[in-house]
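Open the model in your viewer and follow the stops below in order.

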Amino acid sequence: MAEDYFQYTARKLSISLDEMEKLPEDEAIRQSLRIMEYIISEQIDKVLVIQ
């Protein structure tokens, strides 16, 4: 489930996970962090709406 959400978010950000595998490690990490930052931001927004 988490992997599906990661893939969904990557598509939303126009980041190709297949192409990410070909990137240098530091760039791949940067792209992964960008995806994780978006996911965290989205979850925080959801919590704030609930409150």
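Start by selecting L23: leaving aside neighbours within four places in sequence, L23 is in contact with A28 and Q31, where contact means heavy atoms within 4.5 Å. The model is predicted, so local features need pLDDT of at least 70 and side-chain atom pairs count only at pLDDT 80 or more, while totals for chains, interfaces and linings use all residues. Residues are numbered from 1 along each chain as its sequence is written, and side-chain values use heavy atoms, with hydrogens and water left out.

L23 sits in the loop between α2 (17-20) and α3; helices are DSSP runs of H or I with at least four residues, numbered from the N terminus. L23 counts as partly exposed because its relative accessibility is 34% (buried is under 20% relative accessible area, exposed over 50%, partly exposed in between; 1.4 Å probe, protein chains only).

Next, select F6, A10, L13, I15, M20, A28, I35 and I39, the eight residues of the largest nonpolar core. Such a core is a set of buried Ala, Val, Leu, Ile, Met, Phe, Trp, Tyr and Cys residues joined through side-chain atoms within 4.5 Å. Two or more residues of this core come from each of α1 (2-12) and α3, and α3 gives the most, with three.

Within that selection, pick A10. Not counting residues up to four places away in sequence, A10 touches I15, L17 and I35.

Finally, move to E42 in helix α3 (residues 25-50). Is E42 buried or exposed? E42 counts as buried because its relative accessibility is 16%. Residues up to four places away in sequence aside, E42 touches Y5 and K12.
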